[in-house]
Amino acid sequence: MPLEGITVRHGRQTTRLTDLHYYIAHTLGGSAGARMTVRLCCPISPDTLIRRLLSRARNTRKDMPPTRVVGVDDWAWRRGHHYGTIVVDLEKNDVIDLLPDREAATLAQWLQAHPGVEIIARDRAGAYADGCHRGAPSALQVTDRWHLLKNLSEAFVSILGRFTTTVRTLTRQLSASTTLSETSGTFRTQPEEAQTLIRSVSGERRETLFNEALALKAEGHSIQAIATTIGVERKTVRRWFQRGHAPTWKRTVPTRSILGPYISHLEKRWVEGCRNIRQLWRELLEQGFTGKYGTVRKWVTTRQGISTKPISSAYVSPPLGRKLARLLLADDPLSAGRQDGLPVPALLEAEPQLAVTLCWLRKMQNLLCKKEDTRKEGDLKALLEEGKTTLLSRLIPALERDAAAIEASLVTPWTTSPVEGQISRLKMIKRTMFGRAGFELLRARVLQPA
């Protein structure tokens, strides 16, 4: 053929243009790809782009080379309703295929049609484990350690609800013994002394800033540079220099209060035991008072010795659920417990079964995170046997059925992390097609271009 390599027999386009249209369709899809072809001066309709994409995808995936290590996971076509399966080559980080569902029979059929798979990384879903056993019985299955840790964490959170009463009691006892209540009581009983203390501290801080400003001025710095250095507004620094000192913020002449003529009546009613603010306000209105209700309320709160600014309570809400789980599983649970208002040692002492479960969970965490280099063969089996005496004993039979895959995850580097990344890419492609594409088109765009 004289035009071999340029076009095909009976072709109406060159091979180069056909390839260009294919890659545009693979990257952008139909409508967006058609708009791009107009800008590239090679216009084509969206339907033709999609037709060529699907045709190339059907023809090129038949001669796919054998794959040795694969990872499988589910992806949501519609969350909570319809799910599919994605198969990824973990050695090349390429998507091999998409399956329309996540049934064991579908995965088994795919594995039988693709012999040569030696290692399969998966999560702990029973359907995938069954499908791998039926489709590739000689392949080594590797469970993902992150999913296993997630399952253990969720199971641990589910049992913490049994200790809600104990956690609330211990948190209440700790909050009652803090010094916050004493400090609040001082501010309630001695509001004037507290305000005086606050004013003195603020005055000392302003005096220190003023001295720093004088020292910088003596060195020849500009007002703008001084203001930037000490963190004060430029106009404030200029005003300080004009006055020759930092402001004391003391009122030399007390302002006259609108309540002045009525203080004697309020004091009299206070001694008589009246604490109803609205009743006092009404009585003052009858005597000609023209002020607002808030003015009387402010006087009453001051008379009671309570600051108008609310004082934080010493009560701390108890950590429950996931917050409690994070606290117990923290690297330093003692300091974390003090910050969250829960004495962790007292909780573990009051609930010994929880202490046993937490100890076992930490051992599993260290094993799965490979934090201990002295791991020996049989450690997992011993831990699973020990777990039967904990509060998570109902989880142990499922872990024992999957023990071989868990053991393989400890000695091999394969995980489903690359699969999760490909699922994120799949979601992006699916959303750019606004949910109007079928499974075949989504599969053609997710697979690597031929």
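A word on the model: it is predicted, so local features need pLDDT of at least 70 and side-chain atom pairs count only at pLDDT 80 or more, while totals for chains, interfaces and linings use all residues. Residues are numbered from 1 along each chain as its sequence is written, and side-chain values use heavy atoms, with hydrogens and water left out.

Back to the cysteines. With a disulfide taken as a pair of cysteine sulfur atoms within 2.5 Å, the structure holds zero of them. For Cys42, the closest cysteine sulfur sits in Cys41 at 7.5 Å, which is too far for a bond.

Now the sheet. Helices (H or I, at least four residues) and strands (E, at least two) are DSSP runs numbered from the N terminus, and two strands pair if DSSP finds at least two bridges between them. Five strands make up an open sheet with mixed pairing, ordered S3-S2-S1-S4-S5. Strands S3 (94-99) and S5 (140-143) are at the edges with a single partner strand each, so one side of each has no neighbour in the sheet.

Strand S4 (residues 119-122) runs parallel to its partner S5, and the two are joined over four bridges. Arg122 stands opposite Thr143 in S5.
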